[in-house]
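Dear colleague,

Please find the structure below, together with its sequence. My notes on it follow.

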Amino acid sequence: LGIVNISIYQKDHRCIQDMIAKLLTFSSDPAKYSYEIPNILDRTNAKLYIHLITEDATIYNQLSNLGIPEIHQATARICDEAMVLTKEWNRYFARWSTIEKIKKKPDDFTTETQSLITKIKKKITVEESLLFPLAEKYL
């Protein structure tokens, strides 16, 4: 027990939540925040990328390999949802990677940003309420 330090991932979640809160604020007025948006998008993208890789390699794999069917099913479902969300983020990031793209369709950018941030928040909630307690108990 205690092989995985959950506090690292909780800290990552706080950082990601701070970043997406800024992104949400900036997305409400793309013209006003045209210089801030590319920076926060790049920083959020990098943070999510590193976080997802490390989380998959540790928590998901180790829990899944415990041989407990209920835990394996829960981690598989959460992992599948994470993969779908990652693909959605990658499409979003590619679509809105420059301020020029955002300026062409600011309302679409705002709508997509709000929708995706809602999904990221939900993912964090699920991980912290289901996955992290399992990791603390079994790893």
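A crossing of two helices is called left-handed if the near helix is turned anticlockwise from the far one by less than a right angle, and right-handed if clockwise. Helices themselves (H or I, at least four residues) and strands (E, at least two) are DSSP runs, numbered from the N terminus.

Two remarks on conventions come next. This is a predicted model, in which local features need pLDDT of at least 70 and side-chain atom pairs count only at pLDDT 80 or more, while totals for chains, interfaces and linings use all residues. Residues are numbered from 1 along each chain as its sequence is written, and side-chain values use heavy atoms, with hydrogens and water left out.

**Overall picture**

The protein chain has 5 helices and 0 strands, and its pattern along the sequence reads α-α-α-α-α. Its C-alpha atoms fill a box of roughly 50 × 25 × 20 Å, taken along the principal axes. Of its 139 residues, 39% count as buried (buried means under 20% relative accessible area, exposed over 50%, partly exposed in between, with a 1.4 Å probe and protein chains only). Among the contacts in the protein chain with a separation of 6 or more, 78% are between residues 24 or more positions apart (contact means heavy atoms within 4.5 Å).

**How the helices pack**

Two packed helices are described by the angle between their axes and the distance between the axes. Axes are lines fitted to C-alpha atoms, for helices over the stretch in contact, and angles run from 0 to 180 degrees between N-to-C directions. Angles under 35 degrees count as roughly parallel, over 145 as roughly antiparallel, 65 to 115 as roughly perpendicular and the rest as oblique.

The axes of H1 (residues 6-27) and H2 (residues 36-64) come within 10 Å and cross at roughly 155 degrees. H1 and H2 are therefore roughly antiparallel to each other, and their crossing is left-handed. Their contact has 13 nonpolar, 5 polar and 6 charged residues (Ala, Val, Leu, Ile, Met, Phe, Trp, Tyr, Cys and Pro count as nonpolar, Asp, Glu, Lys and Arg as charged, and the others, Gly among them, as polar).

For H2 and H3, the axes come within 11 Å and cross at roughly 165 degrees. This pair is therefore roughly antiparallel, and the crossing of H2 and H3 is left-handed. Residues making the contact include Leu-41, Leu-48, Leu-52 and Tyr-60 of H2, and Ile-71, Ile-78, Trp-89, Tyr-92 and Phe-93 of H3. By class, the contact of H2 with H3 divides into 12 nonpolar, 7 polar and 2 charged residues.

The axes of H3 and H5 (residues 106-138) come within 10 Å, with a crossing of roughly 155 degrees. H3 and H5 are therefore roughly antiparallel, and they cross in a left-handed way. Here the contact residues are 15 nonpolar, 2 polar and 8 charged.

**Aromatic rings**

A pair of aromatic rings is described by the distance of the centres and the angle of the planes. Rings of Phe, Tyr and Trp (its six-membered ring) pair if their centres lie within 6.5 Å; planes under 30 degrees apart count as stacked, over 60 as edge-to-face and the rest as tilted.

The structure holds 5 aromatic pairs. In one of them, the rings of Trp-89 and Tyr-92 have centres 5.2 Å apart and planes at 40 degrees, so the pair is tilted. Both residues lie in helix H3 (residues 69-95), 3 residues apart, which is about one turn of the helix. Trp-89 is buried, with a relative accessible area of 5%, and Tyr-92 is buried too, at 3%. The rings of Trp-89 and Phe-93 have centres 6.3 Å apart and planes at 20 degrees, so this pair is stacked. Phe-93 is buried, as is Trp-89. Ring pairs link Trp-89, Tyr-92, Phe-93, Trp-96 and Phe-109 into a cluster.

**Two individual residues**

Is Ser-27 buried or exposed? Ser-27, which is found in helix H1, is buried, because its relative accessible area is 0%. Leaving aside residues up to four places away in sequence, Ser-27 touches Phe-109, Thr-110 and Thr-113.

Lys-32 sits in the loop between H1 and H2 and is exposed, with a relative accessible area of 55%. The C-alpha atoms of Lys-32 and Ser-129, which are 97 residues apart along the chain, are separated by 36 Å.

With kind regards
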